[in-house]
Amino acid sequence: MKILFVQAPQYMDKRFYTKKVHKRYSEGGIIAPPLGMAYMASIMRKHGYDVGIIDGHAMKYDINELIEKIRQENPDVLMFGVVTPAFITVVEWLKAIKQHFPNVPMILGGHHTTIFPRETLTHKVIDYIIVGEAWHTLPELMDSLKNKGDLSNIKGIGFRNGEEIIITPPRERIKSWDGIPFPARDLLPNFKYTSTISKRKPVTSIMTAQGCPFKCTYCAAERFVVFRDPIEVADEVEECVNKYGIQEILFYDETFTVNQARAMKICEEIIRRGINKKIVFAIRTRADCVTKELIDKIAEAGCIRINFGIETADEEALKKMKRYLPKEKIKQAVKWAQDAGIDVLGFFMLGVPGETVENIKNTINFAKELNLDYVLFTKLTISPNTELFDEVQQENGIDYWRKFTLGEEVVESEVRLPSCSVSPEDLDKWLGKAYRQFYFRPAYVMHRIMKLNSFGEFKELFKSALSLI
Ligand code: B12
Ligand code: SF4
């Protein structure tokens, strides 16, 4: 039985993302492997299924090309992953695909189907969904479909029985990733993965943990963290290098150094095996989750970029969002990293609680003051399944994302914070200004030119600068 995993192009609904952010995330700024699907392909292969993956997002297929590629694979079952802001766009793709493969069941998985299972299944083009993690659920579902078993006995799925939508009891999250095979990178177009600020290619991403114990109100990360064994992480890094010729790795854990001893062990293992001479990598973390000693070790292991969530210069907003970090701590961490030769990217959000134009100016100035190497400014998106979304929903009484998933008419102002005094249009303008003010400073240009290692890097920098204009 052939299972085909398809990453349909994940274009975000333009109402929530400015042109630039849309471009960066959806049209080439970062093209990362669909790891969830690659993991599941690996698992299903282990269970004896014939599997394939089409990454239509990375390959930039249009609908006709995607349909043609699916036809060539001749699948018995089609699987798709989706994120909430792209859901309605993806449903349109599914409808077009279904016309060509009316008898091939379509199964959807990912965080979106977990948050809105019932609403997702109101779109009749979707036959089955996975609710929660798929590690054990998908093999059970497939075996049951193959053997015409009773689906209602399987935890963590959704399906229709006639007009009735059935969601089975939830399945517990697994406590460890031990024994889970590495993602099936052999089925992915690895040469396509990249990010605008990558230093080497090909790039891939690796998860060494999933979840984050902090409680920032705008974040939907799982609070219970599942950590992978440092030795297994090093094994995967080694496989990426030796089998796929990967040169740069993006560790996409929410907070790579949340367990500092474990982060240290991963780095030591990478160094012990000499892989640090073959790859460079980037991590994401918080400024209060690092020490100088750890940063030095991370640098020795090959880290070239740390992405710190800094968010805003407004301390009141940070406190409201349960995200407060003293500015001194941030400055210290940025300095440690840069002293160790690591570039620092700061994530910032405009449109935070209580936002004013004055606050936005302070945030841009803080980014400049930190002398960061890169910045990413975005409009705060109030994601479903967050404390912040619940607050907004209580204030305006509108369950925005649920309506969105049902395909009902929604307007952007329904997910705006009443306390943000800057209009969405002005936030867009300020985003553009923030980038220009940060990147087009003589001091910044000099700072970057001093750090360039090759003409290739200069070309990439120039291309990134052009994309901001
Ligand atoms: C890496 C990552 C990215 C990367 C790479 C994206 C990519 N190509 O996969 C980048 C930085 C580009 C990115 C961007 C965005 N991301 Co992102 N990202 C992640 C992150 C940190 C890891 C994903 C991952 O690989 N996990 C490891 C795998 C093993 O776990 P998993 O994905 O959960 O998969 C499991 C199940 O969900 C399920 N599953 C997943 N897919 C499928 C598919 C099928 C068919 C089946 C059966 C099962 C299945 O099986 C897996 C095993 O149980 C997650 C958070 C997280 N920790 O998971 C957010 C996350 C997926 N991102 C999210 C969002 C919102 C975005 C953006 C919209 C952000 C933005 N503001 O623009 C964009 C959208 C980009 C896009 N076009 O898809 C949300 C999605 C929430 C939602 N409601 O849908 C998450 C969950 C973060 C969060 N907690 O809010 N992201
Ligand atoms: S925003 Fe970052 S630190 Fe806060 S809970 Fe989410 S992942 Fe953790």
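Two strands are taken to pair if DSSP finds at least two bridges between them. On that basis, this predicted model holds an open sheet of six strands, paired in parallel and ordered β10-β13-β14-β15-β16-β17.

Strand β15 spans residues 303-311 and strand β16 residues 343-350, and the two run in the parallel sense over six bridges. Ile-306, for instance, has Val-344 of β16 as its bridge partner. Helix α12 (residues 327-339) packs on the sheet here, touching both β15 and β16. The direction of α12 makes about 170° with that of β15.

Turning to the helices, α3 (residues 63-73) and α4 (residues 87-100) form a further packing pair of interest. Their axes come within 10 Å and cross at roughly 45°. The crossing of α3 and α4 is right-handed.

Which residues make the contact between the two helices? From α3 come Ile-63, Ile-67 and Ile-70, while α4 supplies Trp-93, Ala-96, Ile-97 and His-100. Sorted by class, the contact of α3 with α4 counts six nonpolar residues and one polar residue, with no charged residues.

Terms used: Residues numbered from 1 in each chain as written. Chains lettered and ligands numbered in written order. Predicted model: local features only at pLDDT ≥ 70, side-chain atom pairs only at ≥ 80, totals over all residues. Helix = DSSP H or I, 4+ residues; strand = E, 2+ residues; numbered from the N terminus. Contact = placed C-beta atoms within 7 Å. Axes fitted to C-alpha atoms, helices over the stretch in contact; angles between N-to-C directions. Left-handed = near helix turned anticlockwise from the far one by under 90°. Nonpolar A, V, L, I, M, F, W, Y, C, P; charged D, E, K, R; others polar.
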